[in-house]
Amino acid sequence: MYGGDKKPRERKRTCCEGFCGFLFAAGLFVLIYWAVFQPHQIRATVVSATLSNLTVISNNASSSPEVVSYSLAVSLSVYNPSKRVNIYYDTVGAELRFRDAAIGPAATGASPSEFYQRRKASHDVKLDFDYVRSGVAVGRDVAGELETAAKSGGPLSLELGVDVRVRYVFRIFKLRLKLRQKPRIWCSLSIPVKAEARGSGFGGAVASGDRCRVKY
């Protein structure tokens with residue numbers, strides 16, 4: 001009686017141990033493969049940046065925010081340095097900051113907004129901030145500092161933050177594996193500006209070539 005109860009239990013235990021062993025071996029195999037073929041961090045470089053129609057509109061009421069209007073076009077070169085891993089860029093979004101204050105909540109356009117990047121390949125991504133008509137509400141202190149920096153005749157320092165949602169794609173024989181991540185790209189823009197014709201604000205352009213920081 002007891003022997004009959006013991007054999008099914010032993011079979012169940014053997015099956016369970018075998019299944020757990022298989023999962024452990026499969027996980028170890030994937031870990032080793034990932035350690036060997038893991039993707040490298042993407043790289044980004046500022047190709048160019050063009051600023052135009054930068055204007056600060058003051059409000060009479062001291063409690064009301066100021067309004068900053070401008071147009072900024074930035075071209076980034078995004079590079080996949082991995083030898084064996086391809087990348088899907090599902091979304092691309094950006095914001096512009098001046099001295100830790102947002103002056104562009106989101107880019108009004110990103111081209112392309114999604115794309116597929118093969119290994120050892122680069123893509124140019126264009127980001128447009130077009131706030132000439134609508135403008136962006138900012139604090140009075142930020143507006144004052146921005147106007148002073150623009151009128152000083154020196155370079156205007158801006159910070160560009162680009163959020164991307166990516167899927168790293170690699171293969172184990174015929175098995176296709178994907179890893180999703182949300183890296184953030186930080187680019188420093190130093191644009192020499194000067195007054196534009198007919199009092200339409202300030203503008204300038206730069207061909208940077210500076211590497212951006214990428215945080216995962």
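Which residues gather in a patch of positive charge on the surface? Here are my notes, starting with that one.

1. **The charged patch.** The residues are Arg43, Lys83, Arg84, Lys120 and Arg211, and they gather on the surface as a patch of positive charge. Before going on, keep in mind that this is a predicted model, where local features need pLDDT of at least 70, side-chain atom pairs count only at pLDDT 80 or more, and totals for chains, interfaces and linings use all residues. Residues are numbered from 1 along each chain as its sequence is written, and side-chain values use heavy atoms, with hydrogens and water left out.

2. **What counts as a patch.** A patch is built from residues with over 30% relative accessible area and no salt bridge; like charges are joined within 9 Å, and nonpolar side chains (Val, Leu, Ile, Met, Phe, Trp, Tyr) within 5 Å. Lys and Arg count as positive and Asp and Glu as negative, while His and the chain ends are not counted. Each charge is placed at NZ of Lys, CZ of Arg, CG of Asp or CD of Glu. The areas come from the Shrake-Rupley method with a 1.4 Å probe, and for residues only the protein chains shown count as cover.

3. **A look at Arg211.** Find this one in the loop between strand S13 (202-206) and strand S14 (213-215). (Helices, H or I with at least four residues, and strands, E with at least two, are DSSP runs numbered from the N terminus.) Arg211 has 57% relative accessibility, so it counts as exposed. The cut-offs are: buried under 20% relative accessible area, exposed over 50%, partly exposed in between.

4. **A nonpolar patch too.** Phe19, Phe22 and Leu23 make a nonpolar surface patch of about 350 Å². Phe19 sits in helix H1 (residues 2-37) and is exposed, because its relative accessible area is 51%.

5. **Salt bridges around Glu95.** A salt bridge here is a side-chain nitrogen of Lys or Arg within 4 Å of a carboxyl oxygen of Asp or Glu, and by this rule there are eight. Glu95 has one with Arg97, with the closest N and O atoms 3.5 Å apart, and another with Arg184, at 2.8 Å. Glu95 belongs to strand S3 (residues 86-98) and Arg184 to strand S11 (residues 184-192), so this pair ties together parts 89 residues apart in sequence. Glu95 is buried at 18%, Arg184 is also buried at 18%, and Arg97 is partly exposed at 21%.

6. Glu145 is in helix H2 (residues 140-151) and Arg99 in the loop between S3 and strand S4 (101-104), so the pair links parts 46 residues apart in sequence. Arg99 is exposed at 55%, whereas Glu145 is partly exposed at 35%. Salt bridges with shared partners also join Glu95, Arg97, Asp163 and Arg184 into one network.

7. Why is strand S2 (residues 66-80) largely enclosed by the rest of the structure? Because eleven of its 15 residues are buried. Two strands pair if DSSP finds at least two bridges between them. S2 runs antiparallel to strand S1 (residues 43-57), with twelve bridges; there, Leu51 stands opposite Leu72. Ten bridges join S2 to strand S7 (residues 121-130), again antiparallel, and Ser71 has Asp130 as its bridge partner in S7. Three bridges join S2 to strand S8 (residues 136-138), also antiparallel, with Glu66 opposite Val138.

Definitions and conventions: Buried means under 20% relative accessible area, exposed over 50%, partly exposed in between (1.4 Å probe, protein chains only).
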